[in-house]
Amino acid sequence: HLVSPPLPPLPPTRHKGTVMHITVVGGGNSTPIFAALAKDAGHEVAILTRRPADWNKDDIGFVNEDLDYFPQAELRVGIDLVTDDPALCIPQTDLIFIAGLPIHHNPTVLARIRPHLDMQKKVFIGSICAYGGFNWVAAEALGPGNYSLFGTQLIPWCCGTLEYGRTGLVIGAKRLLRIATEDGRDSDGVKPILAKILKMPFLTDTDFIASTLWPNNPSLHPPILYGLFKDWDGKSPYDPDKVPTLIYKDLRTDSAVTLVEMDTDLCAIVAGLRGALPQNGHLVDNDFSMKACVMQNYEEQITCAWDTVSCIMSNKAFAKHRIPYTAIEGGVVPTLAHKFFETDLPFGLCTMKDIANMVGVAVPCIDKMILWNQKLIGKEYLTASGKIDGKHASECVLPSAFGLDAKTLEFGNRSRTANGAEKKQKT
């Protein structure tokens, strides 16, 4: 394992320019990018991954194709530690960023981190995916403590991996990025820290419920895949020359239709929730339509802004994302053991359906996608009752299962008052 001795604890105060100890959790596409940027910003950086032997801590970085975002074609750094042992990096950490793993692993990862956290210390704990109720999941896994939860509403860049353990790829960076915090106002001050690391001075505020409903992976992947494979029997191979390989750029008609239907469902949920939370400016004041959201984040990289579908198909930042296939005798089949099918359903569509039930909104597109997807992966989440109460429902992130309702979704069980003062945690 490529490890070095634990770094000494750093002072708890955070002023502009203070060196922090940052731990990046996971080994996926975002990990070498965020780790390199954090080191470039002057911080001590560790990577916590289950595959430390595949990393070289002295040579980590990324290739950058978006020179309007960052004027260097490549950034390479040496970081301080790569390990699979949380005891070597978590006790001295000031900021933990879960960046390189599908969000369905978050409960397990947070449970591994918990014994090594100083719950009296103010530690920022965040996810590159703020959707899927990250604040609900984290509060459940970590319990009471003085930590401060955050997340990026969207992944800061469309990105990939050129060489695992060494080099990431930035295809296109966001031109607007919201940071979700527990009070929606960043009372603990994580935004300036992230702005310097990400080289994004334009970061702005949001909260976790707005991020859970903001168009994101579960709003994009399932409708596109449903449109392509809704009639597939789960076994028969496809001719590889007759199915698309690029999930966004090669959008087909049925996928486009389902994408627009999904957009309608999601906007209906937001409209219903605005009635329950009229004081939440992040819900009330923002346009949650898919076209508006994509344009906000990628306007300079979109060549045709005519409608929702054209915004997605012509987005340069989306152009290289692929559909995973598995070769079998006679052709190929969609790879079901993938986040497109295993994460976007229980941590996305099912979460949205649970909220829709809370506010009494019909979501026919979400319903049909859940029923189709769960059958393909051998699960039962949605039943004839119209609720997520099937035999595998415990695998889903459901606000109702955390004891929440439409009025308490906003802050979850780690509640804060409107002015950001922390309330006693619900037990």
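**Briefing: aromatic pairs, a helix contact and a hairpin**

The count of aromatic pairs comes to 15, where rings of Phe, Tyr and Trp (its six-membered ring) pair if their centres lie within 6.5 Å. The model is predicted, with local features needing pLDDT of at least 70 and side-chain atom pairs counting only at pLDDT 80 or more, while totals for chains, interfaces and linings use all residues. Residues are numbered from 1 along each chain as its sequence is written, and side-chain values use heavy atoms, with hydrogens and water left out.

**Aromatic pairs**

- Trp 232 and Tyr 238 form a tilted pair, at 6.3 Å centre to centre and with 45° between the planes; planes under 30 degrees apart count as stacked, over 60 as edge-to-face and the rest as tilted.
- Both Trp 232 and Tyr 238 are buried (under 20% relative accessible area; exposed is over 50%, and partly exposed lies in between, with a 1.4 Å probe and protein chains only).
- Tyr 298 and Phe 318 form an edge-to-face pair, with 5.1 Å from centre to centre and 70° between the planes.
- This pair links distant parts of the chain, 20 residues apart: Tyr 298 belongs to helix H9 (residues 290-298), and Phe 318 to the loop between helix H10 (308-313) and S13. Helices (H or I, at least four residues) and strands (E, at least two) are DSSP runs, numbered from the N terminus.
- Tyr 298 is buried, at a relative accessible area of 4%, and Phe 318 is buried, at 6%.
- One aromatic cluster is formed by Phe 229, Trp 232, Tyr 238 and Tyr 325.

**Helix contact**

- Helix H1 (residues 30-40) packs against helix H4 (residues 191-198) at an angle of about 100°, with the axes 8 Å apart. Axes are lines fitted to C-alpha atoms, for helices over the stretch in contact, and angles run from 0 to 180 degrees between N-to-C directions.
- H1 is therefore roughly perpendicular to H4 (angles of 65 to 115 degrees; under 35 is roughly parallel, over 145 roughly antiparallel and the rest oblique).
- Phe 34, Leu 37 and Ala 38 of H1 meet Leu 194, Ile 197 and Leu 198 of H4, contact meaning heavy atoms within 4.5 Å.

**Hairpin**

- Strands S13 (residues 325-328) and S14 (residues 331-334) run antiparallel and are joined by four bridges; two strands pair if DSSP finds at least two bridges between them.
- Ile 328 has Gly 331 in S14 as its bridge partner.
- Two residues lie between S13 and S14 in this hairpin, and Gly 330 in the turn has a positive phi of about 95°.
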